Structure formats: structure tokens, C-alpha cells
Amino acid sequence: MKRLFAYFIVGAMILGVLTGWGLNHFLTADQASAAASNLNLITDVFLRLIKMIIAPLVFTTLVAGIAHMEDAASVGRIGVKTMTWFIGASIVSLVLGLVMVQLLQPGANMHLPEAVAASAPAASTDAFSLHGFITHLVPTSIFDAMAKNEILQIVVFSVFVGTAVAALDDKAPAVLHLVEQAASIMLKVTEFVMKLAPFAIFAALASTIATQGLEMLGTYAKFVLGFYGSMGVLWGLLFLAGAVVLGKRVIPLFREIRTPTLLAFSTASSEAAYPRILEALPKVGVRRRIVSFVLPLGYSFNLDGSMLYCTFGTMFIMQAHGVQLSVSQQIFMLLLLMVTSKGIAGIPRASLVVIMATLTYFGLPEAWIAIVLGVDHLLDMGRSATNVVGNSVAAAVVAKWEGELDDMPVGDGPVDGADGAERPATA
């Protein structure tokens, strides 16, 4: 089914390009603009559907995730070390995306009509004072925050609720079960919404090329190649970080995770590779109890490829529309993405939701995200593969730190502890 959906995505991209070229080539400029406006109706509906799910999605998934964080407390230092690695990897991924997009400037000199019409509005700075930021961070009403899709306020409320549930002795089982069920429902709603992605991709590409011409494909190529080049740099950093901690063991680790990585790339879903990672990591000596602890947390808090795209994609959109951010605003954007990306990780096309929320927070039209819809599936394939690599390295590193990485050479027989049997940990 995932492969069939991928075919639909590719078909929508091709058909969108051909339709846009036909409109641009055979119609007058006014007629092409009118046709593009009609096509934008499809994209607008899709974007409104995404906006519709942001608030309940963030609240339910974040509360459910935090409520289960008592596992980190019970494991003690393993949880601390795991979260330390996750935070460090998140910062590196976000900063790398920001640096690379500034160096490559894939969206510069596009001069989109929307930017001209909007006179390239400057990003909002109202919340950039310390007083303004802190007061805006705390909601006066969670219902008002949800109605306005105030993502940071929802995150703050969710953290309080999730922590309160985790702190209760009985874990408030009825409430926790209700939140988990609500999160499952919202994930399914998200899945339904994303099934409409081929139509939105077709409309977004056709509309853009109808008004901009095939020259736009050159910009998309620069964007896609720039992003994949940035991911290549991130892979290199992950390999080097793994080598520092694991030594030569990083080579068999990367060799063993090839299959789940390729699976995630081909299906554009890191979740599709989850069972394969569970099988692969014990084969290189990572204790199964470490794998079972680190991976679920990683799928919520350590999606390196997605976080790289959050900064790269957001800045590309702003470049394309002529919006400039000051250094302080860029730093604030990193902090904003650092928080918001934890609320909806692991959701199909989660990066689109995060970027849309970021644009809205900066006072920019969320409809601007349409410019990346056409190629998002191509980028999602790389993001998913990178997420798998990042979480696999994280599990192996934490196992090494805890003395839970078997020293037996790979291929010399069964890996001690791979079946989850207890083995005394070494310092």
C-alpha cells in the first residue's frame, strides 16, 4: 500500500508539472493566473485540513509521550544519557540546516508573485523581548490557545498535564488511556488527511509552474539537491560522533542498518523500519533492553532528518518570498523548533505541520508552505532514512556508555545479551 501511494505521489508530481507547463505555454498570462488560482483551491483545502489537526495532535501525542517518561526515571542514568544525546543531536541538526540553507541560498532571487503582492512582510518581532516571549509562552486559556493554534502555549500546557499524569502513583490510568486513544485517533485522522497529499501536490506544482514556467524546476532541483547535500553532511557527523564513542564498531553498525535505512527511504516512513531496527541492533551487540528503551524515545524526541528539514525548509520558504530574519530571530526560530518539533514527531509529514506552525508564529501566511508541497515526498524519503540512522547511532552510543555493548566481534557467533538476557553492566 505504501509503495502504491508512492507511485501516486510520483504520478501527481509528473502530472502537475505537465499541467502547469501546458497552462503556462498555451494560455495568456491572465488566463494562466486564473487557472492557477482555481488550482490553489485544492491546496488551500489541504492546508486548512493540516491546520485543523495541529492543536489536538500536539496535545495528545505530547501528553501521552511525557506520561510514559517514568521509564527514564526508573532506568536512571540511562534516561539522562539518552536525553542528553537527543538534545545534542537536535541542536546539531537544527543548526546545520540553518547554516546550509544560508550558504546555499536555494530560495534566493525567486521573486514570487505572492511575495510582491505581500510586499515581503517582515517577520513579527512582537514576541522577541524577554517579557513578551515569557508572557506569550504561558496560555491564559488552553481553549483559546487551541483555537488560535498557539503551538508553544499548547506545548507548555501539555508538558504540565503529562508531567502531572506521570507523577501520580496510579498514573491516572483512565486519563492516560483516554489520551493514548485520542492520540491514536488523531494519528489516524492525520493519515486520512495525508492521503489527499497527491491532489495537493498536483495542484501546488501545476499552479506554481503555470505562473512561473519550467524555470521553477531549476529552483526545486537546487532546493532538493541542497537538502540532500546537507543530510550527507549530517550523516558524516553522525558517523564521526559514533566513531568517537564506538570506535571501529561504528562500521558494522552502519553495515547492519543498511536494510532498515533503505526500507525507510523507499517507503518515506521511518516507522516502517522500526521492526527491522529492533532486529538489527542486537546483532551488533546492543542489548535488547537498551534498544527497547532508546528507540521509542528516539521516535518521539530524536528525528534528526526531520529537524534538519525544519530549519532548511522554513528558511527556503522565507528566502523565496523575500523575508529576511535577523540573527536574534534566527536564534529564536531554533529554540522554537527545538520545542515544537518534540510535540508531533513520528507523524507522517510532521515537518510540514511544524513549519506551518513556525510561519504562523512569525506572522507569515501559512499558505506559503505550498511552495514545498510539490517535492516534499522526495525530501521525506531522505528525512526518514536519516531518522533511522540517527536513532540507531543513539541506541549504540547509549549502550556503549552503559557498558551494555557486547565486545564480541560481529560474525563470530551469537551476540551475548542480544536475546535480552541479563548480563552485569560494566562501567
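R383 is buried, at a relative accessible area of 1%, where buried means under 20% relative accessible area, exposed over 50% and partly exposed anything in between (1.4 Å probe, protein chains only). The model is a predicted one, so local features need pLDDT of at least 70 and side-chain atom pairs count only at pLDDT 80 or more, while totals for chains, interfaces and linings use all residues. Residues are numbered from 1 along each chain as its sequence is written, and side-chain values use heavy atoms, with hydrogens and water left out.

Back to R383, then. Its side chain meets that of D376 in a salt bridge, at 3.3 Å from N to O; the term stands for a side-chain nitrogen of Lys or Arg within 4 Å of a carboxyl oxygen of Asp or Glu. D376 is buried too, with a relative accessible area of 2%. R383 also forms a salt bridge with D380, and here the closest N and O atoms are 3.0 Å apart. Both R383 and D380 sit in helix α20, 3 residues apart, or about one turn of the helix, and both are buried. Put together, D376, D380 and R383 make up a network of salt bridges.

The structure holds 3 salt bridges. One of them pairs E402 with K81, with the closest N and O atoms 2.9 Å apart. E402 lies in the segment after α20 (376–401) and K81 in helix α4, so this pair ties together parts that are 321 residues apart in sequence. E402 counts as buried at 3% relative accessibility, whereas K81 is partly exposed at 24%.

As for the overall fold, the protein chain has 20 helices and 0 strands, taken as DSSP runs numbered from the N terminus (helices H or I, at least four residues; strands E, at least two). Of its 427 residues, 53% count as buried.

The largest nonpolar core has 120 residues, and L281, V286, I317, I369 and V372 have the most contacts inside it. Such a core is a set of buried Ala, Val, Leu, Ile, Met, Phe, Trp, Tyr and Cys residues joined through side-chain atoms within 4.5 Å. Helix α2 (residues 29–67) supplies the largest share of this core, 15 residues. Skipping neighbours within four places in sequence, V372 touches F223, Y309, F316, I317 and L352.

T358, in helix α18 (residues 350–361), counts as buried at 1% relative accessibility. The T358 side chain reaches the backbone oxygen of V354 at 2.9 Å. Beyond its neighbours within four places in sequence, T358 is in contact with T314, M333, L336 and L337.

I87, I91, V95, V99, L103 and L104 form a nonpolar surface patch with about 500 Å² of accessible area together. Patches are built from residues with over 30% relative accessible area and no salt bridge, joining like charges within 9 Å and nonpolar side chains (Val, Leu, Ile, Met, Phe, Trp, Tyr) within 5 Å. L103, one of this group, is found in helix α4 (residues 77–104) and is exposed, with a relative accessible area of 64%.

Methods: Contact = heavy atoms within 4.5 Å. Polar contact = N/O pair within 3.5 Å; in protein donor to acceptor, adjacent residues only side chain to side chain. Areas by Shrake-Rupley, 256 points an atom, 1.4 Å probe, with all protein chains shown as cover.
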